[in-house]
Amino acid sequence: MRSLIIYYTRSGNTGLVAHTIKKELGAHVREITDFTNNRTVLDYMFPNLIDSASISPRKVDIDYYETIFIGTPVWFGSLTPAIKKFIDNMDFKNKNVILFNTMKGIGGDIAIKRMAKLVKKHNGNVIGSFGIITRGDDYDIMDCTRLAIKNLELNKIGNG
Ligand SMILES: Cc1cc2nc3c(=O)[nH]c(=O)nc-3n(C[C@H](O)[C@H](O)[C@H](O)COP(=O)(O)O)c2cc1C
């Protein structure tokens, strides 16, 4: 399975999840950087309505890959402006997409639903998703990620 993991992280948790997936699956990774410094509360709360991200890379060439993982922290029950913008810039036609997010504990499911809707709008075939609670230490995050990948049962989806 040729997999690419694309993620945004501010304080490192989503990055740790991404790199744990990389290690487990032998996938490639690309980090999205957001150069925006000043955000209003509204920018944080309504990433689907307000474009407040200035990202790099703006797009990623995904031709080579069969499966694309996209990861984001949960911000106010939604995805981050950076990942919203990235998805908006992409076409996921003929790609299987797996979504993941990290959070302290609230809003992960609704954030995944919003993200799935957006990815589908950009022609992606969402085949799985998971959320990781980041209240524990790095070892907890890595353990939870390994379990989540196992639970995806990727070999049964026919991509193994
Ligand atoms: C602006 C902001 C909003 C957040 N909103 C939520 C939230 O709605 N629910 C939640 O459980 N955690 C929330 N968090 C916590 C982060 O989702 C959590 O710490 C996440 O693991 C951070 O990921 P990162 O280290 O990759 O940046 C928020 C954090 C920030 C900075």
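Student: What radius of gyration would a compact globule with 160 residues have, and what does the protein have?

Tutor: This is a predicted model, and for 160 residues a compact globule would have a radius of gyration near 15 Å, while the protein has 14 Å, which agrees. Its C-alpha trace spans about 45 × 35 × 25 Å along the principal axes.

Student: Changing topic, which residues touch the most other members of the largest nonpolar core?

Tutor: That core has 37 residues, and those touching the most other members are I6, I32, F69, I70, I83, F86 and L99. Among the elements that each supply at least two residues of this core are β1 (3-7), α1 (13-25), β5 (67-73) and α3 (81-88). As a general point, nonpolar side chains in soluble globular proteins tend to be buried together.

Student: What is F69 in contact with, leaving aside its neighbours within four places in sequence?

Tutor: With those neighbours set aside, F69 is in contact with S3, I5, I6, I21, I98 and F100. For the protein as a whole, residues 24 or more positions apart account for 74% of the contacts with a separation of 6 or more.

Student: And α3, is that helix largely enclosed or exposed?

Tutor: Seven of the eight residues of α3 are buried, so the helix is largely enclosed by the rest of the structure. The buried residues are P81, A82, I83, K84, K85, F86 and I87, and they pack against β1, β3 (33-34), α2 (41-45), β4 (55-56), β5 and α4.

Student: Where does the ligand come in, and which residues are nearest?

Tutor: There are 20 residues around the ligand, of which T9, N13, T14, P73 and M103 come nearest. The helix α1 gives the most to this shell, with three residues, and β6 is one of the elements that supply at least two.

Student: Where is there a cis peptide bond?

Tutor: It joins S56 and P57, with omega about -5°, and P57 is found in the loop between β4 and β5.

Student: Last one: what is phi for F76 and E153?

Tutor: Phi of F76 is near 50°, a positive value in a residue other than glycine, and E153 also has a positive phi of about 50° although it is not a glycine. F76 sits in the loop between β5 and α3, and because 14 C-beta neighbours lie inside 10 Å, F76 counts as partly exposed. E153 lies in the loop between α5 and α6 (154-157), and with 10 C-beta neighbours inside 10 Å, E153 counts as exposed.

Technical notes: Residues are numbered from 1 along each chain as its sequence is written. This is a predicted model: local features need pLDDT of at least 70, side-chain atom pairs count only at pLDDT 80 or more; totals for chains, interfaces and linings use all residues. The radius of gyration is taken over C-alpha atoms; the globule rule is 2.2 Å times the number of residues to the power 0.38. Two residues are in contact if their C-beta atoms, placed from the backbone, lie within 7 Å. A nonpolar core is a set of buried Ala, Val, Leu, Ile, Met, Phe, Trp, Tyr and Cys residues joined through C-beta atoms within 7 Å. A residue is buried if 20 or more other C-beta atoms lie within 10 Å of its own, exposed if 12 or fewer, and partly exposed in between; C-beta atoms are placed from the backbone. Helices (H or I, at least four residues) and strands (E, at least two) are DSSP runs, numbered from the N terminus. A residue is near a molecule or strand if its C-beta atom, placed from the backbone, lies within 6 Å of it.
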